[in-house]
Each structure stands twice: as structure tokens, then as C-alpha cells.
Amino acid sequence: MVSETIIRNVATESWFDQARFIPPDAIFALTAQYIADQSPKKVNLGQGTYRDEHGNPWVLPSVRNSRKLLSQELNHEYLPIAGLADFRKEAAKLALGPELFQKQQDKLASCQSLSGTGALHLAGLLLRACKTHLPKVYIPEPTWSNHHQVFSSLGFQCESFRYYNPETKDLDIDSYYSALKLAEPNSVFIIHACAHNPTGCDPSKEQWRELARLFKERQLFPLFDAAYLGFNSGNVDIDAFAIRLFIEEMNMEAGVCLSFAKNMGLYGERVGCVLLATGTEQAAVKTQSMLEMLQRSEVSNPPAYGAKIASTILADATLREAWHDDLITMSSRIRSMRSELYDSLVSSGAPGSWEHLIRQSGMFGFLGLSPSVVQRLREQYHIYMADNSRISIAGLNKQNVDYVGKSITEL
């Protein structure tokens, strides 16, 4: 009888009884809530995906043409462990510019990744493997919601530093400088290369130069999250300024995590690349071998289709020029919607100043509304945004921008 009881108890236990329940990701949960909403007036300003002037997903013309070329000779063979070689080369040239790439290429290590998230994770694995004692990872506050999760899951101690001043609604550059001065040598800092998510506040060129000087002086490692090159200003060279400053002018080692989700609209293809600018050719060879070992243990080798689309665009002069036009189309529409929302808020008498919305850049706007106001906008007006009042400007269009501005004013 006793043995039967023991067997019965064991049978009812699960290996996963100690698993913790993790709440759904806030942005994806918000999108699901928006989809379930039956209101004809609903507006989705949550998830950061580009939408055209009618609120529909937009396949870039350059991407359409790239797909046509690929369809003539597309196969489904495995890629090498490090990914598509042409894609990795073109991605590095894009981030560094052709001249710096030419000078630096023998000291570069790179690996295709599962978009920007995969690039950050792979970079974290590499940085963890290269040090006996784990360095601290410093992350701006606020930041993209997944930064802390990626690096804490790898065992890093993550430290936040104040990046944004909610009183002035602007970059808190003095706090940034202070964090660099106080950090231990060899600490890692996550840097938004441009279009800071969620605030849209980027350092000026002069501030970037002072930041780079402090990084070098304090022997800190810069890890760039470059998810918006070209998408922010419409010009890749402008958006890559900080990356090239650190690597070329300051002659520093650095990591660059690239994503082609936003700037090519390849959201579902998960096209990314992690790039390491090392100090010597020998270091690059060893780093490359480490990246490939880590990639093999994680995903074996990355998916091919999206990388082939991106590589074809970047390597073909005609397609690349067409892509540059697409970048201007997207960035210009976003700037236009930012201005129209500002005009609607001001003309409808929304309390307070909204100049910060015009100062910001990139896909997102950081409104500065309280969580309770955000909740009321969702419940009463069917306007969906992140709880911290970050909005995707790309979700605005001629049909809804004034409705959003007036709804905020009425609250």
C-alpha cells in the first residue's frame, strides 16, 4: 500500500513544477490586445513596424526586385556556420563605409545572426567567453525592453544609468558622462547607434566625441545596437557616425549588432549580423573561430533567404540606389507624421509643451504621459501605446493623426 501511494504521488509530479510563470512580453501582448479590439477607430502605436500612409505593411520596392532576381536561381542549401559570406561582407561595408572597411577588414570578425536580438545575444556569448570574470553590462535607462533580458539571461550583472531626463524631456548627457567615469575598466556599455529606443534622443556629434574620449580613457567596451541605420535620417552614413568615430578616429575595439528588420522591412526573415572590430589580425582570427563555435551550439547555421535578399540589394548598385530611395521614403513619412502630431497637439490646446516631440528622431516618439493616461487612451479611445507612452510614429497616418492628437488633449 505504501509503495502504491509513493508511485501515485510521483506520477502526479511534473518535471516543470518549479517553472516560474513569466508574464507575456508587454509589446507583443499589447499588439494582441489591439488585434482583438473591434473598434473601427482603433490605432496601433505599439509595435515598432513601419506602416505606409494607409496603415498597411510596406514591402520595399528594392526588396521586391531583389526577390525577383533571387527567384531565378534560389536553392535551399545550408549556409556556412557563420552565414552568407557576401552578406557579412556587405553588412560590414554598410556599417563602416567602404574606405574604413578596406582598412579594417583583416581585423574584423563577423557572423550572421537572427536579426538584432540574435546579434546581441551572440555578442554577449562571445564577451562572456573572453573574460575570466564577467564584466558588468551598463544599459541606458530607459532602453529597448529586451536589452536587460538578453544580457541577464547570460549571467551578466546589468546596471542601469540615467540616459533621459523626464523633467527636461531630453538626453541627460551629464549622467551619461558620469556613468562612464565611474564604471570599472573593461565594463561593457550598450550604445544605441542612432534613433534611441524609446526616447528618440541621440547625442550630438560633439557629445559623441566626448563620449568616445571617455570610453577610450576609461578602457570601456562599446557594444552598438544598430537597428536603424539609414532608417533614422534616410542616410546610412549619417546614422553610422558614432560607430565609425569609435572604430576609426578613436582606434578602438568595438562590437556592432546590425539588424535589417527596420531598414529593409525584413521583420519576419530575422536578418542580422554581429561585427567585431578587433585590435589585431590575430585577435580577429581567434574571435571569428569563437563566433562560429558559439553559433554552431546555438542555431548551427542561420536562415538563408532574408540574408540573400539583403546581400543582393547591398551588392547591386542599382538596387542599392533604389534602397536608398526607400529609406528616404520611410524616414520622410515618419518625420512628416511627427510634425503633424505636434501640430495637432498644439492646435487642439494639449496642456504643456510638446517641443520634445520635434526634437526626437527615428521611429519612436516618447510622449511623457503617465501610465494612467496611457490606460485611459487605450480604454476610452482605443489608442494603443506602450505603458511608458512610447509610440511608434510609423503607426500614424493622415486618417488617424488628428484623432490621436485630439484624444490626448481631451484627457
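Author: Start with the polar contacts: across the interface of domain 1 and domain 2 there are 9 residue pairs in polar contact, both residues at pLDDT 80 or more. A polar contact is a pair of N or O atoms within 3.5 Å; within protein, one must be able to donate a hydrogen and the other to accept it, and residues adjacent in sequence count only if both atoms are side-chain atoms. The model is predicted, so local features need pLDDT of at least 70 and side-chain atom pairs count only at pLDDT 80 or more, while totals for chains, interfaces and linings use all residues. Residues are numbered from 1 along each chain as its sequence is written, and side-chain values use heavy atoms, with hydrogens and water left out.

Reader: Which elements give two or more residues to the side of domain 1 that touches domain 2?

Author: Helices (H or I, at least four residues) and strands (E, at least two) are DSSP runs, numbered from the N terminus. Here the elements are α15 (317-347), α16 (355-359) and β11 (364-366). The largest share, 3 residues, comes from β11. By class, this side of domain 1 has 6 nonpolar, 9 polar and 3 charged residues. Ala, Val, Leu, Ile, Met, Phe, Trp, Tyr, Cys and Pro count as nonpolar, Asp, Glu, Lys and Arg as charged, and the others, Gly among them, as polar.

Reader: Where do the bounds of domain 1 and domain 2 lie?

Author: Such bounds come from an automatic or database domain assignment. In this chain, domain 1 is 26-58 + 332-410 and domain 2 is 79-315. Their C-alpha centres lie 29 Å apart. The contact (heavy atoms within 4.5 Å) takes 18 residues from domain 1 and 18 residues from domain 2.

Reader: What area is buried between domain 1 and domain 2?

Author: Buried area is the accessible area (1.4 Å probe) that two parts lose on being put together, summed over both. For this pair the value is about 1,400 Å², and carbon and sulfur atoms give 56% of that. Ser361, Phe364 and Phe366 supply 32% of the area that domain 1 buries against domain 2, more than any other three residues.

Reader: How many salt bridges are counted between domain 1 and domain 2?

Author: A salt bridge is a side-chain nitrogen of Lys or Arg within 4 Å of a carboxyl oxygen of Asp or Glu. The count between domain 1 and domain 2 is 1. Arginine 359 forms a salt bridge with aspartate 170, with the closest N and O atoms 3.5 Å apart.
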